[in-house]
Amino acid sequence: MWALVSDGYGSVRLDEVDDPDPGPSEIVIGVTAFSVNRGETLQLEAPAPGWRPGKDIAGRVLAAADGFGPPAGTAVVAHVPSSGWAQRVAVAHTTVVELPAQVDATTAAALPLAGLTALRLLRRVGPLPGISILITGASGGVGHYVTELAVAAGAEVTAVSASLERGGRLATLGANVVTDVEQAQGRFDVVLDSVGGPGFTAARRKAYPAGRVLWFGQASRQPISVDFFDWIDGTAGAAIEQFHYAGTPEADAADLRTLVRLVHRGQLRPEIGVVDSWTRTAHVIEDLRARRIRGNAILTVE
Ligand SMILES: NC(=O)c1ccc[n+]([C@@H]2O[C@H](COP(=O)([O-])OP(=O)(O)OC[C@H]3O[C@@H](n4cnc5c(N)ncnc54)[C@H](OP(=O)(O)O)[C@@H]3O)[C@@H](O)[C@H]2O)c1
């Protein structure tokens, strides 16, 4: 079968690889759409031997597991550890989520990694009604989900994006959009930072002295720095909480089912900035790195 593999230069090329060899409790999915996440672009810069990219896939069951899980022909979405950017993928039957007819593969493929991250980030925040949230790097997939879910739950969201155009959908979802952290008015109960570098310090200063700072990414590729003397005024015990979305495969499936249900009910509407053929994945990766894509990037497998 065909699959995307590391080209050794930070991107991907199509290559012929062995078909998956499913175990007894695994099903084979015929992939029709997948998404590209920023994390995968980073992994491609230093690929482990034998690793193939691809975590978020949607498609149809080609071969069911022995007596378990959805039958052949069922539309499904899954979050897999790797190797998802391929025509066919074998996955444990417990980790796939069935799709209702109203949720197409392109939409479903936008959900797993970015959606799980947003859902779990907001759970970590805790009760949302009435709290103020500042989120940086908000024009990507995660930022759109965080904004839609948090606003719906009663939070006041201020979103930082490079331009008002890139932040346009965030504004429609109910966020106050600013193009620089310094423009954010007032102080915040919670700061969610995924950009790192000097922007982190600027964002952190926007939290109330006893406010929370959740650090979940480093899109700038620059580490954060923390100055003790910058942080002593009423902030005794203040903490930076590192966040990583990872869960068990079963927990991923349960939360993915929640995301699919929210989409089905019209309560979550993914921002899909680009849909293109998987033969153009390398171009899409380039565009994602260059901040030319708003929301999720979806590739379709012909
Ligand atoms: N901790 C976790 O478990 C976890 C899980 C998933 C993702 N993440 C991280 O969370 C962040 C958001 O994920 P995502 O999938 O939404 O990513 P994404 O689609 O690539 O969005 C990231 C956004 O960051 C902004 N950005 C600001 N400075 C940047 C810079 N110097 N270089 C590139 N982008 C910059 C860009 O928006 P503007 O151009 O509008 O500024 C971009 O849209 C990423 O950093 C990702 O690595 C973490």
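User: Is Phe 229 buried or exposed in this model?
Analyst: This is a predicted model. Phe 229 is found in the loop that runs between strand 12 (207-215) and strand 13 (240-242). Its relative accessible area is 67%, and a residue counts as exposed over 50%. Phe 229 is therefore exposed.

User: Which residues make the nonpolar surface patch of about 400 Å²?
Analyst: Residues of such a patch have over 30% relative accessible area, and Phe 229 has 67%. The patch of about 400 Å² is made by Phe 228, Phe 229 and Ile 232.

User: Is Asn 37 buried or exposed?
Analyst: Asn 37 is placed in the loop between strand 3 (26-36) and helix 1 (38-43). Leaving aside neighbours within four places in sequence, Asn 37 is in contact with Asp 56, Leu 113, Ala 114 and Leu 288. The relative accessible area of Asn 37 is 8%, and buried means under 20%. Asn 37 is therefore buried.

User: What is the relative accessibility of Ala 110?
Analyst: Ala 110 lies in the loop between helix 2 (105-109) and helix 3 (112-125). Leaving aside neighbours within four places in sequence, its contacts are Ser 35, Tyr 145, Pro 270, Ile 272, Asn 296 and Ile 298. Ala 110 counts as buried because its relative accessibility is 0%.

User: How many Å apart in space are Ala 110 and Glu 271, C-alpha to C-alpha?
Analyst: Along the sequence, Ala 110 and Glu 271 are 161 residues apart. In space, their C-alpha to C-alpha distance is 8.4 Å.

User: Which residue meets Arg 169 in a salt bridge?
Analyst: Side chains of opposite charge can pair when their charged atoms come close. The salt bridge of Arg 169 has an N to O distance of 3.1 Å. Arg 169 lies in helix 5 (residues 168-172) and its partner in the loop between helix 7 (249-264) and strand 14 (272-277), so the pair ties together parts that are 102 residues apart in sequence. Arg 169 counts as buried at 15% relative accessibility, and the partner in this salt bridge is Glu 271.

User: Which arginine meets Glu 271 in a salt bridge of 3.0 Å, N to O?
Analyst: Glu 271 counts as buried, with a relative accessibility of 11%. The pair links distant parts of the chain, 23 residues apart, and the arginine lies in the loop between helix 8 and strand 15 (296-300). The side chain that meets Glu 271 at 3.0 Å is that of Arg 294.

User: How many residues apart are the members of the salt bridge between Glu 45 and Arg 289?
Analyst: The side chains of Glu 45 and Arg 289 meet at 4.0 Å, N to O. Glu 45 is in the loop between helix 1 and strand 4 (56-63), whereas Arg 289 is in helix 8 (residues 281-289), and the pair links distant parts of the chain. Glu 45 is partly exposed at 42%, and Arg 289 is partly exposed at 31%.

User: How many salt bridges does the structure hold?
Analyst: Among the residues that take part, Arg 120, Arg 123, Asp 252 and Asp 255 are linked in a network. For the structure, the number of salt bridges is 15.

User: Which element supplies the largest share of the largest nonpolar core?
Analyst: This core has 49 residues, and those that touch the most other members are Val 77, Leu 111, Ile 133, Ile 135, Val 146, Leu 192 and Leu 268. Several elements each supply at least two residues, including strand 5 (75-79), strand 8 (132-135), helix 4 (141-152) and helix 7. The largest share, eight residues, comes from helix 3.

User: What is the radius of gyration of the protein?
Analyst: The protein has eight helices and 15 strands. For 302 residues the globule rule gives 19 Å, and the protein's value is close to this, so the protein is as compact as a globular protein of that length. The radius of gyration is 20 Å.

User: What percentage of the 302 residues is buried?
Analyst: The accessible surface of the protein comes to about 13,300 Å², and 53% of it belongs to carbon and sulfur atoms. A residue counts as buried under 20% relative accessible area. Of the 302 residues, the buried ones make up 51%.

Note on methods. Residues numbered from 1 in each chain as written. Predicted model: local features only at pLDDT ≥ 70, side-chain atom pairs only at ≥ 80, totals over all residues. Heavy atoms only, no water. Patch = residues over 30% accessible without salt bridge, like charges linked within 9 Å, V, L, I, M, F, W, Y side chains within 5 Å. Areas by Shrake-Rupley, 256 points an atom, 1.4 Å probe, with all protein chains shown as cover. Helix = DSSP H or I, 4+ residues; strand = E, 2+ residues; numbered from the N terminus. Buried < 20%, exposed > 50% of the residue type's maximum accessible area, 1.4 Å probe, protein only. Contact = heavy atoms within 4.5 Å. Rg over C-alpha atoms; globule rule 2.2 N^0.38 Å. Core = buried A, V, L, I, M, F, W, Y, C linked by side-chain atoms within 4.5 Å.
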